[in-house]
Amino acid sequence: MVEVQKDFIQEKETKIIKGNVAAAYAAKSARVQVISAYPITPQTTVVEKLSEFSDNGEMPGTQYIKVESEHSVFAAVIGASKAGTRTFTATAGQGIFYAHEMIHWAAGARLPIVVAIASRGPAPPWNIWADFTDVISQRDTGWMSSFCASHQEIYDEILMSYKVCEDHEILLPKFIAYGGFILSHTSKPVIIEDQELVDRFLPSLPSEEGWPHIWMDPKRPMMFGNLIMPSGFYYEFRMKIHDAFIRAKEKVKSVAKEFEQMFGRSYGNGLIQEYKMDDAKVGVVIYGDLALQMEQAVEDLREEGYKVGMIKLRHFRPFPVEDIINSVKKVETIGVIDRATAFGSQTGGPVSCEVKSALHEIKEAPNVLPIINGLGGREVSLEQQKNQLKMLVKLNETGELPKDIIHGTLWDGLLEVE
Amino acid sequence: MVKLKEALDSCQEELFLPGNSCCAGCGLEIALRWAMKALGPNTALVTPASCLNVVIGLWPKTAPNFPFTNMAFAAAAAAATGMEAAFKAKAYRFPNKGWDNITSLVFAGDGGTADIGIQGLSGAAERNSNILYVCYDNEAYMNTGIQRSSSTPHGAFTTTTTKGKERYKKNLPGILAAHEIPYVATCSISEPLDLYDKFKKAKSIKGCKYIHILAPCPPGWGYQSEESIEVARLAVKTGSWILYEVENGIMTLSKKSKSLLDSSKRAPLVDYLSKQKRFSQISEKDLIELKEHIEHNWERINIELSCQEQYPK
């Protein structure tokens, strides 16, 4: 018999762990009450680690449901969240696509479910490597979404997300995405915080009554989700979801600030994080793990005398329109680098479309060059990123576009085929 | 079996309230009312897309006087599992408040059970999730206008089997029994006391329980609304629908079906079919095949029962 602990126990410690394990530790630190999971590469070690915690009695009271598909994963956490518990799961790629129906359901029911995504490219052909098309393709479901650039950020962002999502003024679900294998399967030092401190940072677990808008309680019989006529409040409910997204921007910022005060780690203003943008002439907007390496590229080019900077996009939804405008305005030319696709859109890259759209009404907006790279886990080297910056500098100085532009977008690092 | 008076005395409270928008003579309504009489108010229900989604009333009106949540078509069994897990988690945080005494119930149609919902249901059964999953079987997609399901019987007309269904009714209770869950039962709305007993028993058992209720549908089957009970009763009497329980792997025929092992005791199949418009065009060939199929079902049960006699006691 495994001895079940009386309570969640965690002292502050630095562990050298995989990104997936960092996600599992974050769920444990957040004292999640119900976990439902189904294995999918490259998310698998999240669910394995959580099983280990659960089987070893380290998460007393937490229920772990091992279901038969991602559709059921989301159905189960939706059922659990409706009944008033803090829930967690993790998935990736095809798993998200399979669960798409339930993903809409969670947002429509305004359930603050937090989900880690070890992002991978959509099939066919089969692909299991870093590509954010999986999470970005859920753009209009009503889920918040953010990207992590480091192992530590995975742990930290999951904690911050519970605080944002469970705010009674917000009540939205959220994806926390990080590149498959690049972060999910590599190991780095991650600070796991003291349980007592995390408890103080996070809102307390839902009360016995559960959430303010939805519950399953025989003492308060109520119906949820029944058919509503076009003359009913369906339309208004939808408007309120959008409204919550807009209000969530301030909440993300205040939570990032509180997090920094309590744990000493800064993530910019929560929505975006600038790096050497203040005197830069040329910059890039970039997200996910490639942002971490791009910091090095910026640093190296600065040493060579180039005035370059970068904006790490942390949140895709809500999209930080104002912050992007204010930051991008600092430079003359900006590259927007996607590791994801938005086929048939203006640029082919989802974030570059967003940035272009944000800048639409801005007078004297900088030149925007959409860039796509690293799809399906294709390696993007430091050298390649430095060349991207140099190419942007050249574009800024001479107006000369790189020669391999396709329909206005630079698809950087394509194999040469005759 | 519970006595009628006793059953009525113990469940004066109506939990599925009047004012719902069920058709007159709706089999589902009778099934749900009697199920809830047995289960009582400490029950939380998940229902996937089905007639039940609609007949409970348009938002914000609602007929069920107990916790009730609507769910996506394929998702009921998993959502109920999640809900049940949440009750357990709440029982841990708020002990002695009754959170671990709530019955987590699914009420789904035959499409939501035998077709789109079968994966989630099979998952819940294999995990032995502590839920009671009920299929109210009206033998087609009635909510969308009478299209075939895998639970539609051979020879029946639907809007997608315009010459009568070629294939046979899927044996869902048999599939669930093969998952070796603690309790499987079949019911008919014509036998409310039998249904009441089976729900009472299911409520008392931990783990995954499955109850399959034949619930005739006046517009879908094509008979007068006052004949629902009669039609359901004929389904049992002709041996078309067999009432039984499988408790921990042991099958027992229920009272109304017991004597029908002897095929001479069964009412003629045509008595049942001739009541329903959906069988009005049935061909001679289909009729013979349907009869043979029913005979096979009984043979299978007979074999099962005789095997059981040899089980070590």
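## Contact between chains A and B

In this predicted model, chain A gives 40 residues to the contact and chain B gives 43 residues. On the side of chain A that touches chain B, five named elements give two or more residues: β2 (34-37), β3 (63-66), α3 (70-82), α5 (100-108) and β9 (223-224). The largest share of that side comes from α3(A), with 9 residues.

What is the make-up of the side of chain A that touches chain B, in nonpolar, polar and charged residues? Nonpolar residues number 21.

## Strand pairing across the chains

β9(A) also pairs with a strand of chain B. The partner is β2 of chain B, residues 68-70. The two strands run in the parallel sense, with 2 bridges between them. Within this pairing, A:Phe224 stands opposite B:Thr69 of β2(B).

## Fold of chain B

Chain B holds 13 helices and 8 strands. The C-alpha trace of chain B spans about 65 × 55 × 40 Å along its principal axes.

## Burial and contacts in chain B

Of the 313 residues in chain B, 53% are buried. Sequence separation gives another view of this chain. Among contacts in chain B with a separation of 6 or more, 70% join residues 24 or more positions apart.

Definitions and conventions. Residues are numbered from 1 along each chain as its sequence is written. Chains are lettered from A and ligands numbered from 1 in the order in which they are written. This is a predicted model: local features need pLDDT of at least 70, side-chain atom pairs count only at pLDDT 80 or more; totals for chains, interfaces and linings use all residues. Two residues are in contact if their C-beta atoms, placed from the backbone, lie within 7 Å. Helices (H or I, at least four residues) and strands (E, at least two) are DSSP runs, numbered from the N terminus. Ala, Val, Leu, Ile, Met, Phe, Trp, Tyr, Cys and Pro count as nonpolar, Asp, Glu, Lys and Arg as charged, and the others, Gly among them, as polar. Two strands pair if DSSP finds at least two bridges between them. A residue is buried if 20 or more other C-beta atoms lie within 10 Å of its own, exposed if 12 or fewer, and partly exposed in between; C-beta atoms are placed from the backbone.
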